[in-house]
Amino acid sequence: MVVPKSEIRFCVRHIWANFKLQFPGQAYKDSFWKAAWATTEGDYKCALEEIKFLSTDAYNYVNGIPPIHWSRHAFSTNCKSSMIL
């Protein structure tokens, strides 16, 4: 590994692109992006509950991706970039 202590973040746009293929619609989009941009764990969990209300399969899909890699609330404070792209 070139930078052993670096954070690994996933591209949220790509996660969204794959998610929307299985779960299209504005309600899914709004809830997904709420989860991605959430700045507190409570907001993140609330957004996941919205997704779970829409579809258990959608919830399982999103919940299967560790939030430390794609949701702002779980990002380390050591990294000074808040980009989630």
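In the predicted model, the contact between helices H1 and H2 is formed by Val12, Arg13, Ile15, Trp16 and Phe19 of H1 together with Tyr28, Lys29, Phe32, Trp33 and Ala36 of H2, where contact denotes heavy atoms within 4.5 Å. Helices (H or I, at least four residues) are DSSP runs numbered from the N terminus. Classified by residue type, the contact of H1 with H2 comprises eight nonpolar, no polar and two charged residues. In this scheme Ala, Val, Leu, Ile, Met, Phe, Trp, Tyr, Cys and Pro are nonpolar, Asp, Glu, Lys and Arg are charged, and the others, Gly among them, are polar. Residues are numbered from 1 along each chain as its sequence is written. Because the model is predicted, local features require pLDDT of at least 70 and side-chain atom pairs count only at pLDDT 80 or more, whereas totals for chains, interfaces and linings use all residues; side-chain values use heavy atoms, with hydrogens and water left out.

The axes of H1 (residues 12-22) and H2 (residues 26-37) come within 11 Å and cross at roughly 155 degrees. Axes are lines fitted to C-alpha atoms, for helices over the stretch in contact, and angles between N-to-C directions run from 0 to 180 degrees. H1 and H2 are therefore roughly antiparallel to each other, a term applied to angles over 145 degrees.

H3 and H4 pack with their axes 5 Å apart, at an angle of about 140 degrees. Leu48, Ile51 and Lys52 of H3 and Thr56, Ala58, Tyr59, Val62 and Asn63 of H4 make this contact. Its residues divide into five nonpolar, two polar and one charged.

The largest nonpolar core contains 19 residues, and those with the most contacts inside it are Phe19, Phe32, Val62 and Trp70. Such a core is a set of buried Ala, Val, Leu, Ile, Met, Phe, Trp, Tyr and Cys residues joined through side-chain atoms within 4.5 Å. At least two residues of this core are supplied by each of H1, H2, H3 (41-54) and H4 (56-63). In soluble globular proteins, nonpolar side chains tend to be buried together.

Two further residues were examined. Ser31 lies in helix H2 and is buried, with a relative accessible area of 4%; buried means under 20% relative accessible area, exposed over 50%, and partly exposed in between (1.4 Å probe, protein chains only). Not counting residues up to four places away in sequence, Ser31 touches Ala47, Glu50, Ile51 and Leu54. Glu7, in the segment before H1, counts as partly exposed at 31% relative accessibility.

Note on methods:
Parallel < 35°, antiparallel > 145°, perpendicular 65-115°, else oblique.
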